[in-house]
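Subject: Handover of a two-chain model

Dear colleague,

Please find the structure below, handed over for your study.

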Amino acid sequence: MIKRTTRSLGRTGEAAVLAWKILKVLPRPRLYFNAALQQAYVMGIQSLPLVLIMAFLGGAVTSQQTGTQFSGGLPVWVIGSVLAASVITELGPVLTGIVMMARVGAAIAAELASMKVTEQIDALVAMGRDPVAFLVVPRVLAGLIVFPLLVILAVAMGIFAGWGVALLAVDGMTSADIVYGMRFYFRPWVLVFSVIKGGVFGVAITFIACFVGMNGEGGAEGVGRTTTTAVVATTLALMVLDVLLVPLLKAF
Amino acid sequence: MIEFRNLHKSFDSHHVLRGVDLSVEEGETLALLGPSGTGKSVLIKHAIGLLDPDEGDVFVDGISIANASEKELRHARRRIGYVFQNAALFDSLTVAENLWLAQTDEREGRSLENCRAEAEELLAKVNLDPSVMMKLPSELSGGMRKRVGVARAIAHNPSYLLWDEPTTGLDPVNADNIDELIMTMREKLGVTSIVVTHDLDTAFEVGDRIALLYEGKVRACQTPEDILKNDDPVVKRFVRRTTRADAVE
């Protein structure tokens with residue numbers, strides 16, 4: 001028990017040190033700027049189709065479920081409000097986060113762990129290069145850039161899908177009802193909140209994946225274990241952050 | 001000069017290095033022999049600051065590696081080339097990019113043609129054809145990867161080279177080529193080397209002195225001729241299992 005606690009505290013300390021090293025590198029963009037753009041491009045392009053599919057399905061399910069549960073009890077335009085509220089504040093960022101965690105977080109952890117066990121990270125250090133500037137900062141920064149953009153696209157796709165499905169599946173529903181419902185609910189801050197959430201998820205997922213990956217050990221089995229650890233840790237972090245960020249929605 | 005002073009290192013309860021004292025003179029090639037798991041690689045990793053000692057220190061040209069600032073450590077590392085056991089090439093980069101990464105500071109402000117010419121020159125030093133330049137490490141044989149690893153280690157013109165098991169896993173012809181390469185580095189570039197090896201042929205071929213690391217300490221450190229005459233049963237048992245060593249006698 002004491003050993004586990006000590007280890008957990010040690011890990012937390014190591015994560016704090018990594019965060020500090022990232023902050024120290026940030027004022028020197030020459031070291032990471034090009035790599036960050038390249039990472040952002042790869043992350044964005046590779047994840048976009050899956051993010052859009054998930055958002056489409058999320059939006060479609062939301063309007064169908066709302067239509068089924070509210071039919072007869074509430075006016076149909078409420079579906080527009082529920083759709084906007086669910087997709088903008090929750091489904092857009094969280095579904096994007098889950099896709100990115102599985103798609104990007106796991107890939108980062110596996111790549112860095114495999115670099116660690118094959119001494120590629122040691123080779124960087126031996127050459128006098130800073131692995132944090134070379135490997136971690138570009139990925140975390142790419143997460144910060146790409147996640148909010150993907151969240152905006154996911155929100156747009158979710159609403160588009162929910163709108164279309166509501167017109168097809170809910171009796172008496174018109175586009176005017178949906179627009180009315182959305183406008184009833186919508187405040188610009190909600191969209192800002194969604195984008196902030198995307199940025200926080202982006203940094204958290206890439207940071208945790210980098211941290212876990214850089215500490216990978218063992219052979220092929222170790223890389224597998226590291227990837228699993230990264231997925232579990234990022235899933236937990238995603239849901240905890242989702243809860244912690246709620247007060248921010250009410251702040252403005 | 002690289003000097004290890006009373007170096008101790010443990011991993012959990014395993015006390016690997018138990019007070020290593022060893023110095024490597026300028027221009028010398030020291031072959032470091034020892035049974036598996038005795039801490040040979042661990043020892044040379046301390047010289048470049050990849051591991052921190054629990055006790056003791058390593059001095060490179062008089063600079064304490066254990067107490068060096070980040071800047072001093074970076075400078076010390078620019079004077080040392082490390083040849084990794086499995087080459088440790090960046091598998092997402094081409095051979096040329098691997099070489100350029102090792103000399104980025106030197107490359108600044110130079111034309112692409114210049115950089116290509118330098119990469120070709122480096123590959124020529126390790127007897128590799130320039131055609132491998134745009135290949136990925138996964139497209140190369142084990143011997144070629146090792147050579148690219150050497151080219152990368154010498155890309156920034158280091159004064160010291162640390163070779164971690166340079167001939168392990170290679171066929172005899174490729175192993176001989178690597179031995180020749182180690183000797184060429186000393187003769188042509190005047191590089192000081194520490195060669196960690198299991199291979200007695202390599203140790204006797206390239207070593208000006210041979211050190212035997214046993215149970216975490218230096219058991220003997222002598223010229224190849226003298227170590228063969230050493231009466232210590234542990235040394236005897238280890239160094240006399242060779243054919244080429246007999247030729248030295």
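Residues are numbered from 1 along each chain as its sequence is written, and chains are lettered from A and ligands numbered from 1 in the order in which they are written.

Confidence

The model has an ipTM of 0.85 and a pTM of 0.85. In residues 242-249 of chain B, however, the pLDDT falls below 50. That stretch still has 16 contacts in the model beyond near neighbours in sequence; two residues are in contact if their C-beta atoms, placed from the backbone, lie within 7 Å. Where pLDDT is low, the predicted coordinates should not be read in detail.

Chain A

Chain A contains nine helices and zero strands. Helices (H or I, at least four residues) and strands (E, at least two) are DSSP runs, numbered from the N terminus. Along the principal axes, the C-alpha atoms of chain A fill a box of roughly 70 × 45 × 35 Å.

Two of these helices, H2(A) (residues 33-70) and H5(A) (residues 131-169), pack with their axes 6 Å apart and at an angle of about 25°. Axes are lines fitted to C-alpha atoms, for helices over the stretch in contact, and angles run from 0 to 180 degrees between N-to-C directions. H2(A) is therefore roughly parallel to H5(A); angles under 35 degrees count as roughly parallel, over 145 as roughly antiparallel, 65 to 115 as roughly perpendicular and the rest as oblique. The crossing of H2(A) and H5(A) is right-handed. A crossing is left-handed if the near helix is turned anticlockwise from the far one by less than a right angle, and right-handed if clockwise. By class, the contact of H2(A) with H5(A) has 27 nonpolar, eleven polar and one charged residues. Here Ala, Val, Leu, Ile, Met, Phe, Trp, Tyr, Cys and Pro count as nonpolar, Asp, Glu, Lys and Arg as charged, and the others, Gly among them, as polar.

Chain B: the six-stranded sheet

Six strands of chain B form an open sheet with mixed pairing, in the order E6-E7-E8-E3-E9-E10. Two strands pair if DSSP finds at least two bridges between them. E6(B) (80-83) and E10(B) (217-222) stand at the edges with a single partner strand each, so one side of each has no neighbour in the sheet. On average, neighbouring strands of this sheet are turned by 15° against each other, direction ignored.

E6(B) runs parallel to E7(B) (residues 160-164), joined by four bridges; B:Tyr82 has B:Leu162 in E7(B) as its bridge partner. Helix H6(B) (residues 142-153) packs on the sheet and touches E6 and E7 of chain B, its direction making about 170° with that of E6(B).

H6(B) also packs with H3(B), at an angle of about 25° and with axes 8 Å apart, and these two helices are therefore roughly parallel. In this contact, B:Val95, B:Asn98, B:Leu99 and B:Ala102 of H3(B) meet B:Val148, B:Ala151 and B:Arg152 of H6(B).

Chain B: the four-stranded sheet

A further open sheet has four strands in the order E2-E1-E4-E5 (chain B), with antiparallel pairing. E1(B) (residues 2-11) and E4(B) (residues 55-60) are joined by five bridges, and B:Phe4 stands opposite B:Val58 in E4(B). E4(B) pairs with E5(B) (residues 63-64) over two bridges. The hairpin of E4(B) and E5(B) has two residues between the strands, and B:Asp61 takes a positive phi near 50° there. Helix H1(B) (residues 40-47) lies across E1, E2 and E4 of chain B, at about 120° to E1(B).

Where the chains meet

Twelve residues of chain B are in contact with nine residues of chain A. On the chain B side, H2(B) (70-78) and H3(B) (95-102) each supply at least two residues, and H2(B) gives the most, with three. By class, this side of chain B has eight nonpolar, one polar and three charged residues.

Yours sincerely

Methods: Predicted model: local features only at pLDDT ≥ 70, side-chain atom pairs only at ≥ 80, totals over all residues. pLDDT = per-residue confidence, 0-100.
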